[in-house]
Structure formats: structure tokens, C-alpha cells
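This briefing describes a protein model, topic by topic. Please keep the sequence and the structure in view while reading.

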Amino acid sequence: MRILMLGNSLTSAQDMPDILAELTGAEVVCHTRGGARLSEHLNPNTRLGARTQAALAKEQWDYVVLQEMSHGPITAPGSFFASVERLCRQIRENGAIPVLYATWAYQKGGARLSAKGWDYGGMARNLSAAYRRAAEENRALLADVGRRFYQMPGTQDLYAADGVHPSGQGARIAAETIAAAIQRHKEDPS
């Protein structure tokens with residue numbers, strides 16, 4: 001099995017792709033750049049976009065995991081939904097299955113959350129709703145990592161010191177959630 005992961009530092013942090021490879025037995029290839037949005041993966045005029053477009057056109061994948069910039073689904077929903085739609089179309093043309101990696105709200109009480117003027121519950125609900133809608137509209141699998149974060153007691157342990165990126169434990173939960181979505185699909189592809 002081959003998995004391509006498209007995203008940014010929330011995908012590559014704490015060696016999460018290696019954990020996913022360990023859990024699934026798959027070859028996992030990562031195309032990331034800190035702060036990247038999914039729209040960049042569509043742009044062949046950027047280094048990241050050229051690499052992603054070549055990989056989707058010339059290589060075979062079983063699953064392609066999509067992760068948007070941390071607040072992109074909330075602050076730039078038009079770009080988010082359009083990028084997911086275009087990437088899902090390309091992924092299906094490649095013969096692969098798209099997986100949306102739904103990320104989490106910034107750490108409750110953290111500096112990044114207050115700097116945006118958001119509350120934890122609102123950011124969490126808005127992210128989850130955007131990823132769920134994008135998955136439904138594009139018949140993509142949903143790995144709702146954010147929901148897993150919200151359901152766990154002691155969520156502060158899931159974040160790195162910056163209150164945005166995952167800790168080692170958070171990265172493991174992300175990999176487990178993505179692996180579970182893929183496993184459910186393999187068992188029941190309908």
C-alpha cells in the first residue's frame with residue numbers, strides 16, 4: 001500500500017508519517033511545507049505544487065491524505081472547499097482514495113487562540129463542520145483527528161509547547177485516526 005500525504009507542518013510534525021507507516025505497513029510519502037495550504041499543492045508554479053502534481057500524474061497511490069493549513073477551513077473556506085474538490089478529482093483520476101485529515105482547534109487557553117480572538121469550542125466546531133462537509137461533498141474518507149482531540153481528557157498533553165502543533169502523543173493519535181479511517185475503508189469500501 002502507498003499513501004501520499006499533502007499538507008504542512010501539522011502533517012510532518014513529530015514524525016507522524018513514520019507512525020502512520022508503522023501502523024499501516026504502507027509506504028508513506030509526505031509533501032509538506034510549513035504553513036502550506038492545499039491550494040499550493042495545486043499550483044505547478046511552486047516547488048511543492050510541481051512535486052505534488054507530478055506525483056498525482058505519474059505515480060500510483062492507494063490513499064492520498066489532505067490536510068489544510070490550521071485555520072484555513074475557517075478563514076478561507078472558499079479556497080479550502082475549491083482546493084479539496086480539485087484535489088479529490090485528481091486523486092480519483094489517479095485511482096486513489098482521498099482522505100481528509102481534519103485537524104484540531106488551537107490549545108484551549110493558549111496564546112494563538114486568544115490572538116485570533118476565538119474560543120476553543122467555536123474553533124473546534126467550525127473546523128469539524130468544514131472538514132465533514134468537504135468529505136461528504138467529495139465522497140472522501142474523514143479522519144477526524146480534531147474530534148478525537150476534543151473527546152480526550154487532558155488535551156493539553158496533545159499539544160507541543162506552541163499550542164498549535166501536536167506533541168508526540170498528539171501525533172500518535174493523528175496517525176491512529178488516519179490509519180483507522182483507511183482500515184475501515186479497506187474492510188468496507190462501499
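Val64 has Pro98 as its bridge partner in strand 4. The model is predicted: local features need pLDDT of at least 70, side-chain atom pairs count only at pLDDT 80 or more, and totals for chains, interfaces and linings use all residues. Residues are numbered from 1 along each chain as its sequence is written, and side-chain values use heavy atoms, with hydrogens and water left out. Helices (H or I, at least four residues) and strands (E, at least two) are DSSP runs numbered from the N terminus.

**The sheet**

- Strand 3 (residues 63-66) and strand 4 (residues 97-102) run parallel and are joined by four bridges; two strands are taken to pair if DSSP finds at least two bridges between them.
- Five strands form an open sheet in the order 2-1-3-4-5, with parallel pairing.
- Its edge strands, each pairing on one side only, are strand 2 (27-32) and strand 5 (141-144).
- On average, neighbouring strands of this sheet are turned by 20° against each other, direction ignored; axes are lines fitted to C-alpha atoms, for helices over the stretch in contact, and angles run from 0 to 180 degrees between N-to-C directions.
- Helix 10 (residues 168-187) packs on the sheet, where it touches strand 1 (2-7), strand 3, strand 4 and strand 5, and its direction makes about 155° with that of strand 5; contact means heavy atoms within 4.5 Å.

**Strand 1 and its partners**

- Strand 1 is largely enclosed by the rest of the structure, because five of its six residues are buried; buried means under 20% relative accessible area, exposed over 50%, and partly exposed in between (1.4 Å probe, protein chains only).
- Six bridges connect strand 1 with strand 2, and the two run parallel; Leu6 has His31 as its bridge partner in strand 2.
- Strand 1 also runs parallel to strand 3, to which four bridges join it, and Met5 stands opposite Val65 there.
- His31, in strand 2, is buried with a relative accessible area of 3%.
- Not counting residues up to four places away in sequence, the contacts of His31 include Leu4, Met5, Leu6, His41 and Arg51.

**The nonpolar core**

- The largest nonpolar core has 59 residues, and those with the most contacts inside it are Ile3, Val64, Leu66 and Ile178. Such a core is a set of buried Ala, Val, Leu, Ile, Met, Phe, Trp, Tyr and Cys residues joined through side-chain atoms within 4.5 Å.
- Residues up to four places away in sequence aside, Leu66 touches Leu6, Leu38, Leu87, Cys88, Ile91, Val99, Leu100 and Tyr101.

- Helix 4 (residues 47-58) has 12 residues and reaches 16 Å from its first C-alpha to its last, close to the 16 Å expected at 1.5 Å a residue; the expected span is 1.5 Å times one less than the number of residues.
- Its buried residues are Leu48, Gly49, Thr52, Gln53, Ala55 and Leu56.
- These residues lie on the same side of helix 4, because they cover an arc of only 160° around the axis; the arc is that of the directions from the helix axis to the C-beta atoms.
- The buried residues of helix 4 pack against strand 1, strand 2, helix 3 (38-42), strand 3 and helix 6 (77-93).
- The face turned away from the buried side of helix 4 carries the exposed residues Arg47, Ala57 and Lys58.
- Glu59, in the loop between helix 4 and strand 3, is partly exposed with a relative accessible area of 33%.
- Leaving aside neighbours within four places in sequence, Glu59 is in contact with Arg2, Ala54 and Asn94.
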